[in-house]
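Open the model in your viewer and keep the selection tool at hand.

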Amino acid sequence: MQDWERLTRQANRAYSNHAFTDAVDLNRQALMQAERSFDEDFYRDAESAVAAAAVSFLNIAESYTALGDFISANTQFESAVNFLQTIIARPDMDNEQRDLIMRTATHIRFEWDLFTQSYNKEMSAQSRALMQSLSNVVAMPASMIHH
C-alpha cells in the first residue's frame, strides 16, 4: 500500500500542476501496484484494498477527462466495474466484503453516470472520428499501409 500511496500522491501533484499525461502514467502505476498486491491486501484490509483500486481507476478517468480524451476516460469506468465484478464473483467472499464491493460499484456507477451526462456529446464525436479514421484505413489499398 505504501507504493500505491506514494504514486497516488505524485499523481495528484501532477494533476494539480496540469501535467495530466504524467498524472495518467502515475495513476496507472499506482493501479498496477494495487492490483499486484490486491489479494494479500484484501484479506488484511478489504476496505483499503478496494478503495485503492477504485480511486486509481477514477483518478485515471479524471486525468483523461482533463486531457479531453473522453473515450479513454469512459474505458476506465468500464474497467473499474469489470474489476469489481471479478472480485465479487470469488467463492470465498463473506457478506461484509460483498456489501463493500456493492457500495463501491454503486459509487463508481454514480460517477460514471455524471461523466456520461457531462461528456456524452464529446464522446459521441470522438467515437465518430475514431470510426471514420478506422474506415479510412480499411478503405486504403494494402500497398499504402505501412508494416
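Buried here means a relative accessible area under 20%. The model is a predicted one. Start by selecting Phe 83, in helix α5. Its relative accessibility is 15%, so Phe 83 counts as buried. Show what surrounds it: beyond neighbours within four places in sequence, Phe 83 contacts Glu 35, Phe 38, Ala 53 and Phe 57. For a distance check, pick Tyr 64: the two C-alpha atoms are 19 Å apart, and the residues are 19 apart in sequence.

Select Phe 42, Leu 84, Ile 87 and Ile 108, which touch the most other members of the largest nonpolar core, a set of 30 residues. At least two residues of this core come from each of α2 (20-36), α3 (38-44), α4 (46-67), α5 (70-88) and α6 (95-139). Helix α4 gives the largest share, ten residues. Setting aside neighbours within four places in sequence, its contacts are Ala 49, Val 50, Ile 87, Arg 90, Met 93, Gln 97 and Ile 101.

Move to helix α1 (residues 2-16) and select Thr 8. Is Thr 8 buried or exposed? Thr 8 is buried, at 7% relative accessible area. Not counting residues up to four places away in sequence, Thr 8 touches Ala 30 and Asn 59.

For the surface, select Leu 130, Met 131 and Leu 134. These three make a nonpolar patch with about 300 Å² of accessible area together. Met 131 belongs to helix α6 and is exposed, with 51% relative accessible area.

Asp 3 and Arg 6 form a salt bridge through their side chains, 3.5 Å from N to O. They are three residues apart in helix α1, which means a separation of about one helical turn. Both count as partly exposed, Asp 3 at 35% and Arg 6 at 38%.

Then go to helix α3, where Arg 44 and Glu 40 lie four residues apart. Their side chains form a salt bridge at 3.2 Å, N to O. Arg 44 also bridges to Asp 41, at 3.5 Å, N to O. Shared partners join Glu 40, Asp 41 and Arg 44 into one salt-bridge network. Colour the three by accessibility: Arg 44 is exposed at 59% and Glu 40 is exposed at 53%, whereas Asp 41 is buried at 5%. The salt-bridge count for the model is four.

Note on methods. Residues numbered from 1 in each chain as written. Predicted model: local features only at pLDDT ≥ 70, side-chain atom pairs only at ≥ 80, totals over all residues. Heavy atoms only, no water. Core = buried A, V, L, I, M, F, W, Y, C linked by side-chain atoms within 4.5 Å. Buried < 20%, exposed > 50% of the residue type's maximum accessible area, 1.4 Å probe, protein only. Contact = heavy atoms within 4.5 Å. Patch = residues over 30% accessible without salt bridge, like charges linked within 9 Å, V, L, I, M, F, W, Y side chains within 5 Å. Areas by Shrake-Rupley, 256 points an atom, 1.4 Å probe, with all protein chains shown as cover.
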